Amino acid sequence: MTVVYFTALALLTLSAYVLASRRSVALSSTGVRLHSLPAYHGLLAISLVIVPMLLIWAVGTPLVSQFAASNALTNFPAETRNDALQAGSALREIKNLAAGQRSGDVSDTLRAAADTYSAWRTTGDYLLLSIGLAAALLGIAASLRLVSGPFRARNHFESVVRVILLACAGVAVLTTIGIVASVLTETIRFFFDPNIKGRPGVFDFLFGTEWNPQQAMRADQGDIKSAYGFVPLLTGTLLITAIAMCVAGPLGLLSAIYLAEYASPRMRRYAKPVLEILAGVPTVVLGFFAALTVAPYIRGWGEALGLDVASESALAAGLVMGMMIIPFISSLSDDVMNAVPQSLRDGAYALGATKSEAIKQVVLPAALPGIVSAFMLAMSRAIGETMIVVMAAGLAANLTLNPLDAVTTITVQIKTILVGDQEFDSAKTLAAFALGFVLFFITLILNIIALRIVRKYREQYD
Amino acid sequence: MENSTVDLSAIERVEAARTAHLTAGAKPAKVLARDVNVYYGDKHALKAVNVEIPDRGVMAFIGPSGCGKSTFLRCINRMNDTIASCRVTGKITIDDQDIYDRSLDVVQLRARVGMVFQKPNPFPKSIYENVAYGPRIHGLTANKAEMDDVVQSSLEKAALWNEVKDRLQDSGTGLSGGQQQRLCIARAIAVNPDIILMDEPCSALDPIATAKVETLIDELRSNFCIIIVTHSMQQAARVSQRTAFFHLGTLVEEDSTKTIFSNPKDQRTQDYITGRFG
């Protein structure tokens, strides 16, 4: 039915455009001076068809589905209907049967329910289609009536475009707000819901030094002492991020300087895409590179020096993560350095500056805001990166700053907690949301700092 | 062509002798170009230019767009080195020293030959740091007090001191266009060069700022050899003592400004200054 609906939508859109623009062409050939070009009359007609039809579909389809479902469930006894779990499973069976995907024995109740469901669905879909068609035809009629010399179709279409753009921007903003709100709600439950067993206080979470989110699933497992101290995760995250930035910062910036200032155009044309490919390597590939190649190498090297190196070390994860974020720094910094006007370099050269003096004292300061934001972007990537750390850094929540120890990060713990079967009312599951919220907060702070720095230097430099 | 250059240098010598009392103690030719050709890739941009530029005075290069006057100017401090496809042949000497000689350090050359560009290009640093930049990279001052003196005297020479003395730590890019250009001149003066090259220094400025910069150029000529490229013939007439006319990559005629504008020898010069082309 959806296919029919959208085919109709396409055909009506096309005809609306053709009819309205033809009509305006015909009008102008009779000597009437048109305010807007025929194409704008056509485009306005299109928006009068597409917008109502899409709205009707977007609102109508879930309504139809829900109406059909509630009617189908009347075939079942009241206790099934009133229990959310049973009603849900019954509904799934009904839908499967109606779609012809269910095999095996079918009870009479279920058969009857599926028939009711299909019948209501069909009726609803036809109703929806006819409402949609009616709206579209009304739209076409209205747009044809509107075609006249003084009618400002161009300006009206412009406001339609503005509304569409606003809606698109709104989706992004609303999604962000929605994510934050959902994470925040669960975080508040984690800390303050009295029904959650084993939940920590806010203070214990933020300053506790032990992380052990295990929980007794069954009575016979006894009482496992769980702890939700966030500090080891934070130090682990910061340690790995610091190692990554130590690798990527100098390498990225220096290669950017080479690319922007020293490399021949030919060299740059090849080197830059190759560097950017590094950013496109899936992190899971980098992860097993870290775990299977780098980590054993570091271990062997450490042992040769008589150091005690864990087989999963912060150093291995940090090094490989550093490799991952090099392109973010080098590519963005290269772009901003290229944007520094040649006249500034000429000014420095004309005063007798050498190339490196001109770069150090003129180009880099002028490009600093962009370079800082490149670093900040790379850092948020490093903090939020999961796969490499999962594979190379381990799960042990050690509170340590020794890069040769195994550590764990916020992202790894979120992943570990949420993989597998979960019950949603346990402190363990909700802890993931609290961690997510803290992670979000950290990157938010980083971004604010970056913006501050950029703005400060912008004011000074532009 | 060969003929006219011989003629020119003869005239020049006469002129130099005539003005010798004005420029007593200075050598007659500060910059000497012999048979200078410049190529951008395959394009022959400058053809066999011969000229002598005297010290302590203003030499103007005029000519229509694309005639090679800026190209020649950029040869004098070897700014063309920064363009990969550019090739220079012939000989340019400053104080009898070949500036394209292998043993010459281009950094030291540029410390002696300052340059002011078409568009004001102050560094995105404070006014003070803009002026202090040159002396700092060449180690011309021993301490902060000396640097303060250099900055102040350079800004004074550039007639900018009174306007900026209370806000030396403000950004140089926050100044008006004319002030920015005078800041760039102060920046060039600060390394105490012998020669200042100016590539259409007033083309991005309004008439009032232009007048200020022109007055400044007139004041500076007692201490520096100034070479200015300009599109405006009025400007050449106002600020320069000698003028060279370039056309299609050749130096057509070079003489005292008065002669060029009142009694040019070449028909092309005549046509250009009377506005028939260009």
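Residues are numbered from 1 along each chain as its sequence is written, while chains are lettered from A and ligands numbered from 1 in the order in which they are written. In this predicted model, local features need pLDDT of at least 70, side-chain atom pairs count only at pLDDT 80 or more, and totals for chains, interfaces and linings use all residues. Helices (H or I, at least four residues) and strands (E, at least two) are DSSP runs, numbered from the N terminus.

Helix 9 of chain A is hardly covered, with a count of buried residues of 1. Here a residue is buried if 20 or more other C-beta atoms lie within 10 Å of its own, exposed if 12 or fewer, and partly exposed in between, with C-beta atoms placed from the backbone.

Helix 9 of chain A packs with helix 11 of chain A (residues 314-339) at about 140 degrees, their axes 7 Å apart. Axes are lines fitted to C-alpha atoms, for helices over the stretch in contact, and angles run from 0 to 180 degrees between N-to-C directions. The two helices are therefore oblique to each other; angles under 35 degrees count as roughly parallel, over 145 as roughly antiparallel, 65 to 115 as roughly perpendicular and the rest as oblique. Residues of helix 9 of chain A that meet helix 11 of chain A include A:Lys272, A:Leu275 and A:Leu278.

Turning to chain B, strand 9 (residues 242-247) has 6 of its 6 residues buried. Both of its faces are covered, with B:Arg242, B:Ala244 and B:Phe246 on one side and B:Thr243, B:Phe245 and B:His247 on the other. Strand 9 of chain B pairs with strand 3 of chain B (residues 57-62) in the parallel sense over 4 bridges, where two strands pair if DSSP finds at least two bridges between them. In this pairing B:Phe245 is the bridge partner of B:Ile62. Strand 10 of chain B (residues 250-256) runs antiparallel to strand 9 of chain B, joined by 6 bridges, and B:Asp255 partners B:Thr243. Strands 9 and 10 of chain B form a hairpin with 2 residues between them, and B:Leu248 in the turn has a positive phi of about 50 degrees.

Chain B also holds an open sheet of 4 strands in the order 2-1-4-5, with antiparallel pairing.

Note on methods
Two residues are in contact if their C-beta atoms, placed from the backbone, lie within 7 Å.
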